[in-house]
Amino acid sequence: MKGKNGSPAVADFVRDTQGRIDFDLMRMRRKTISIQIDGDGRVLVKAPAYVSREEILSLVLEKAPWIREKCNAAARVNRQKIRHRFAQGEPFLYLGKNYPLHVDYDTNVRRVCVSLAGDCFLIQTPVVDVKTMEAAVLLWYRENALRLMEQRVAIYAPLLGRQPSKVMVREQKSRWGSCNSKGELRFNWKLIMAPPSVVDYVAVHELCHLKEMNHSAAFWKLVETLCPEHKACRQWLKDYGALLAFDVIREDNQERSMNNGAV
């Protein structure tokens with residue numbers, strides 16, 4: 001990890017009466033010190049090159065209660081994250097709801113098919129192969145995410161009086177959506193796992209950038225006219241956005257990962 005000036009992050013730590021806080025220190029071209037906690041609970045301190053280490057340690061100690069609170073919150077969320085083995089009955093997240101997996105092993109089907117069947121997340125597959133099923137599920141998520149975001153944008157765009165030139169879904173690591181000067185809207189495909197209200201908030205947020213390419217007071221007023229609950233939705237993404245993940249645990253024995261339950 002490097003800062004804007006090319007300086008790599010350096011591991012450091014402080015101690016207080018509650019114990020030790022480890023953090024990565026990144027020297028950057030900036031005027032202030034910032035402390036960030038990522039979704040995995042890692043602490044990153046960004047600081048100007050001229051600020052002394054002692055001043056940085058002092059600030060980290062001052063913010064220690066806040067840092068521990070955020071790290072504990074990240075740990076709680078991570079304990080709730082779903083890590084897929086493609087075992088029968090394990091949950092798959094779709095629009096804020098968990099659907100138990102049902103794997104239908106059928107040599108008569110020509111390819112892996114993914115669908116929602118009632119209250120189940122159904123995978124019909126001719127092969128017991130985790131990588132093949134993972135690719136099919138990822139494709140299903142992305143295709144449905146694009147369809148969903150196109151639908152939500154089509155609902156809100158007329159209310160705003162603006163139309164995007166294009167709607168796309170992408171694998172975005174640090175953003176839920178973006179809007180460029182060409183009027184193209186890009187959305188993180190993992191939004192397909194979020195509650196509908198959160199999906200709508202992100203759609204409205206990016207649409208409003210077609211009128212206000214900033215985060216000014218005028219922008220947020222515009223967002224509020226179309227999404228009055230936008231503050232709650234923003235907070236949900238901050239608190240639980242890490243749950244919107246598609247993590248797969250691969251095992252050497254792939255048949256065991258199916259929990260010996262293919263039917």
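Of the 263 residues in the protein, 43% are buried in this predicted model. The chain is organised into 7 helices and 13 strands, and along the principal axes its C-alpha atoms fill a box of roughly 70 × 50 × 30 Å. Among contacts with a separation of 6 or more, 47% are made by residues 24 or more positions apart.

The UniProt record, an unreviewed entry, lists residues 31-239 as "domain: YgjP-like metallopeptidase". In the model, this span is 44% helix and 23% strand, and its end C-alpha atoms lie 28 Å apart.

Strand S8 covers residues 113-117 and strand S9 covers residues 120-125; the two run antiparallel and are joined by 5 bridges. Valine 114 has isoleucine 123 of S9 as its bridge partner. The hairpin has 2 residues between its strands, and glycine 118 adopts a positive phi near 65°.

Positive phi values also turn up at residues other than glycine. One of them is phenylalanine 86, with a phi of about 60°. This residue belongs to the loop between strand S5 (83-84) and strand S6 (91-94). Its relative accessible area is 0%, so phenylalanine 86 is buried. Leucine 95 likewise is not a glycine, yet has a positive phi of about 50°. The loop that holds leucine 95 runs between S6 and strand S7 (97-105).

In total, 11 aromatic pairs are counted. In the pair formed by phenylalanine 121 and tryptophan 140, the ring centres are 5.2 Å apart and the planes stand at 85°, so the arrangement is edge-to-face. Because phenylalanine 121 sits in strand S9 and tryptophan 140 in helix H3 (residues 130-160), this pair ties together parts that are 19 residues apart in sequence. Both partners are shielded by the classification used: phenylalanine 121 is buried at a relative accessible area of 0%, and tryptophan 140 is buried at 11%.

Phenylalanine 121 also pairs with tyrosine 141, this time in a tilted geometry with 6.1 Å from centre to centre and 35° between the planes. Here again a residue of strand S9 meets one of helix H3, so the pair ties together parts that are 20 residues apart in sequence. Phenylalanine 121 and tyrosine 141 are both buried.

Phe121, Trp140 and Tyr141 form one aromatic cluster together with Phe86, Phe92, Tyr94, Tyr99, Trp189 and Phe246. The cluster thus includes Phe86, the buried residue with the positive phi described above.

Arginine 20 lies over the face of phenylalanine 13, at 3.9 Å from the ring centre.

Key:
Residues numbered from 1 in each chain as written. Predicted model: local features only at pLDDT ≥ 70, side-chain atom pairs only at ≥ 80, totals over all residues. Heavy atoms only, no water. UniProt positions renumbered as here; feature names shortened; annotations may be inferred. Helix = DSSP H or I, 4+ residues; strand = E, 2+ residues; numbered from the N terminus. Pairing = 2+ DSSP bridges. Buried < 20%, exposed > 50% of the residue type's maximum accessible area, 1.4 Å probe, protein only. Phe/Tyr/Trp six-rings, centres within 6.5 Å; stacked < 30°, edge-to-face > 60°. Lys NZ or Arg CZ within 6 Å of the ring centre and 35° of its normal. Contact = heavy atoms within 4.5 Å.
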